[in-house]
Amino acid sequence: MPHLRPTILSRYLLQGQLSARGCLNSRYRGYAIIAARTSRASAPTPGHARVRALHTETTSPAPTDPDAPVPGHVPLRKQLKDEAKRQKATGKKKRKNANNQVVDGWELTVGIEIHAQLNTAKKLFSGASTSFNDDPNTHVAYFDLATPGSQPIFQNETLIPGLRAALALECNIQQVSTFDRKHYFHWDQPSGYQITQYYEPFARDGRILLQPRDGIAAEDGGEGLSVGIKQVQMEQDTAKTLAQPGDVHWIDFNRVGVPLIEIITLPEIHHPATAAALVRKVQILLNAVDACVSGMEAGGLRADVNVSVRRTDDPAAPLGQCTEIKNLSSFKAVEDAIIAERDRQIAVLEAGGTIAGETRGWSIGSTETRRLRAKEGEVDYRYMPDPDLAPIVIGDDLVHHLRDTMGELPDVEVDGLMKDFGLTAKDALSLIALDGGMRIEYFWNVIDALTARLGPDALENQLCFQLAANWILHELGRLTSERSDDAAHDLGFTVEGQCERVPVDHLADILLYLHQHRITAKIAKELLWVVFRGRIPDQYPTVSDAIEQEGLWFHELSDVEYAELADAAVEGQDDVVKQFVNYRQYPQGKLMFLVGRMIRLGQEERIDPKNAERIMRAALEEKYVPAMAKQ
Amino acid sequence: MSTHVRHTHIRAAQRVITTRWRAGNIQRRSLQQETTVKDSGVEAYQNVGLRLAVKDNIAARGFPTTCASNILAGNEIPFDATIVTQLRRLGMDVVARKAGMDEFGMGTHSTTSAFDHVHNVHPLERYSAGGSSGGSAVAVRNGTAELALGTDTGGSVRMPAAYTGTVGFKPSYGMLSRWGVVPYANSLDTVGLLARTVEPISTAIVGRGFYSEHDPRDPTSLPSHVRTRCTAQREGYDSSGQAPKADFRGLTFGVPLEYNIEELDPRIRRGWLQAAEKIQSLGGRVVPVSLPSTKNALSAYYVIAPAEAASNLSKYDGIRYGRRDSDGTSDALNGVLYARTRGTGFGNEVKRRILLGSYTLSSDAIDNYFIQAQKVRQLVRRDFDRVFKLSNPLQDEQTFNLSDMDESVMLDSKLGPAQVDFLLSPTAPTPPPLLEQVHKQTPLDSYMNDVFTVPASLAGLPAISIPMDIPVDPNNEEEKLLHFGGLQLIGQYWDDARVLSAAGKLSSHVYSV
């Protein structure tokens, strides 16, 4: 998951808005989650609330701290500081999650339900299009509004991404599956029921493999683990509610009836970090097989977790009573909520109490789950087979075709990246996860372009490819990080693996020259900005033209010239040079100070800092220190 | 509730007949009917301007569609139901007022409407017109329309036809599109047609080929290839064939023993037997048959239909259409969403069935009610499949072992019980009751009226009610008013064409007005 920038995080935390970078849309868009707004907060106009966020259970989120008034524009940092202060005052000090995976004497058991929006052109039961950011209530068929006399027509093609997801999760595809009505009243559910697959889901008995590199808890061991998937079912999304000031709710029916899948795992997870890793891995998998629309960060994925604890002294004991925490919208929330709920349950049990089966909620940044409704307050959903909808019959030929054409799954690709390009697991995972899989496509295109320029010597090229991976991960990210508020500065990756702002060929040119030491790293980075700002081809036809016109080729100093420069740099720095006599630990800092002087005194554009360092180090050893010793 | 139906033997019923078939009725044919028979086919609909009455739960552009419920008061559905489109294409005009009905089709006498209660036609104003499509039956009876659209979920077209002396036809499930028809119980709902004679109905279904028209907007509309397959196994759809025979030679009619219930009015019972005798006199064979699951059918129906209704009616919350009770600041009553709107918007019978359905679907009760009822439904269908000569084209080949059969099943020969072309039964157990009696009835009493119509609905079979004469005591003024009953013909799935043709032939022999 990409790192969230503070501005985005604060917009999310304080104004309930999410920016979205899904695999189908890469523009930033404000999105209003269902939030109780204070009258001070400005009302979102329909145009601002556009990404469809997935509905799970409807609960109105309470403020993080019920005692504190919801601030208008308190800076995020101050808010987090205050929160920390408050917790310190109450004596609750948050432990680092990594050290908090296990409580001695207790075993935690977690099962997860993940809801994900499917990548489809049409709704599940009507011909209306799915949409992200169109005007509210413009993609609505009669059936979507539950107009009396209208009927559902199952859109066969919505099955394809669902099947891909189920296959990526190694499920058995059921030849016959059926749709059921799940009844409950809410204004975002026009027919009074959601159509889902309760009795006969379309996929069962899958599994997901989690490896240490996926971020599982250390306690789960170095071999990784496999978590069973009980079933995958298709269902309808609900309408989107736009909360307005004064207890007014606007409803946008564009989202109602959009296809979702619900993935239900077996209760086989025993550590909070592993639960978070599972959700993250599911998101990566769904993305890789093009089954989903957007990830958790964009509201396209939500998780509910079922948490129970039992004492470890009796291995034959049944699982403890579980509670459900609904509507978790980030990987961290999954982990934090499980830890908090586990600790709450253990505290209750150790005090001699019992755990009630109930539904609980979680707000970001809090330390406790809160009760939403008790078992007796639970809705009886009165599941009934939908009498209008025939069973779906899925042929083996379709399943085989989808399995054969699914392509490489992320684990195989990560292994390949690590082996072929010497990437770390972390970098390989990031490369795959970023921009909904478009970044890795871009990477492959850059590699192809570099191979065309370098020739086929694979061994020689390895270093250059690593350079490319590093740049595509880190340098490209830097281009947008300082300007995150401006949507126009998005990199504009495409599904074909092109990048609107930094085309493949331009980056390959820069990387090639850098790799061949024909330009310096500093110049290379400046050239990247030139490309990003569109000055190629506006001002210069190509990268090499830019270098040529601006005289940026790297004409490095000769060793003699470096040595002369080193002499100049140590001039009058005897105190510094002294440090290099009889040091306990090599004074690297002082060395870099002297290198810095070299760069300042000489022609910067002709100096490679690495070479300058090498010369300075040698000169100190062979020349200046012996000279100092002689004095 | 117990809806177990006690029955006595048909021979006992036969003994009840003391009066002779009224003289003069037998050979009478109205001149009008003869001419319409000759006119049959396409020509009848060339007259642009034939009037069509549309039940208030079927969408017709330009008219409100309220289902006779306050919760949909003033509601207009912005498209035409497929059946309305089909009939408009034949040049029919929708009459200015939607036909009254029971609220959401829930009722047997068209008395649960939120707006106006329907009553029978002069001189029977004090009597029930039947329900739920009572307004449609009245419209064709009093001449407001030549053809009327109703819906039949458990007898809602056949029952009013029986009470008003008109013809009411429920086609095979899946034949006529339900797009634009507000659902009561989707798995049972069918669009039904009413007219004074069989002819305009069979013209629309067979002559104008409605039977072959698949509607892609209705997921339960039979797909074209299945229609073709079903039709290939049936006779009577091909109009180019030889002229239909005037008699019933070669046809077998079954009289279901279980339908001879204690509650059956003696005059209706006699009318039924007279009809059977008439068929025999016209060369047909009449045999008793047994449908052992009949006694459970009504219970199953009153579990399944309310369950689906409770689900379907969840959508009425007053937010997107219909009437919203916005007294006070919010819809919530004691924090329950829409409670006020739904509490004031629905009538008592609708609320009763919503509660019934919500209960039978609840996690505690579903296994004992909804699931059991679905099993009974399959038994009912299997009963029918066993007695009909024709097999059910929607089922795989079925075998019926003698050892599995109920011991009450009578054997025709050592090979098994008789198999029939049609089943012959009364439509309603009594002539139309007085409205004032209806208002005194318990809901259970009125549910009982559906006992003969529900089985065909559960099995999705075509069924028609035609008027029949019943014996009249010349000294009894009421009997002279109520001189007719409803005679029901049920056929095997997709045998609609033969059901209509047999009903057309039979009606002139059993009804004299």
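## K55(B)

In this predicted model, K55(B) sits in the loop that connects β1 (51–54) with α3 (82–89) of chain B. Its relative accessibility is 0%, so K55(B) counts as buried, the limit being under 20%. Leaving aside residues up to four places away in sequence, K55(B) touches K98(B), A99(B), M101(B), S132(B), S133(B), S136(B), L149(B), G150(B), T151(B) and S156(B).

The side chain of K55(B) makes a polar contact with the side chain of S133(B) at 2.9 Å. Another polar contact, at 2.7 Å, joins the side chains of S132(B) and K55(B).

## S132(B) and the annotated site

S132(B) belongs to the loop between β2 and α4 (134–141) of chain B. With a relative accessible area of 1%, S132(B) is buried. Its contacts, residues up to four places away in sequence not counted, include K55(B), T151(B) and S156(B). Also among them are G100(B), M101(B), D102(B), G105(B), M106(B), G107(B) and S110(B).

An unreviewed UniProt entry carries the annotation "active site" for K55(B), S132(B) and S156(B). These residues are spread over 102 residues of sequence, yet they cluster in space, with a largest C-alpha distance of 11.1 Å.

## The sheet of chain B

Chain B contains an open sheet of 10 strands with mixed pairing, in the order β2-β1-β3-β5-β4-β9-β10-β8-β6-β7. The edges are β2 (93–94) and β7 (285–289) of chain B; each has a single partner strand, so one side of each lacks a neighbour in the sheet.

Within this order, β4 (residues 167–170) and β9 (residues 463–469) of chain B pair in the antiparallel sense over 3 bridges. In this pairing, F169(B) of chain B stands opposite I464(B) in β9(B).

## Helices packed on the sheet

Helix α17 (residues 496–510) of chain B packs on the sheet, where it touches β4, β8 (422–426), β9 and β10 (484–491) of chain B. The direction of α17 makes about 5° with that of β9(B).

Helix α6 (residues 199–207) of chain B lies across β3 (147–152), β4 and β5 (190–195) of chain B. Helix α6 runs at about 140° to β5(B).

## Chain A overall

Chain A has 18 helices and 16 strands. Of its 631 residues, 52% count as buried. Among contacts in chain A with a separation of 6 or more, 71% are between residues 24 or more positions apart. Chain A exposes about 28600 Å², of which carbon and sulfur atoms supply 52%.

Notes: Residues numbered from 1 in each chain as written. Chains lettered and ligands numbered in written order. Predicted model: local features only at pLDDT ≥ 70, side-chain atom pairs only at ≥ 80, totals over all residues. Heavy atoms only, no water. Helix = DSSP H or I, 4+ residues; strand = E, 2+ residues; numbered from the N terminus. Buried < 20%, exposed > 50% of the residue type's maximum accessible area, 1.4 Å probe, protein only. Contact = heavy atoms within 4.5 Å. Areas by Shrake-Rupley, 256 points an atom, 1.4 Å probe, with all protein chains shown as cover. Pairing = 2+ DSSP bridges. Axes fitted to C-alpha atoms, helices over the stretch in contact; angles between N-to-C directions. UniProt positions renumbered as here; feature names shortened; annotations may be inferred. Polar contact = N/O pair within 3.5 Å; in protein donor to acceptor, adjacent residues only side chain to side chain.
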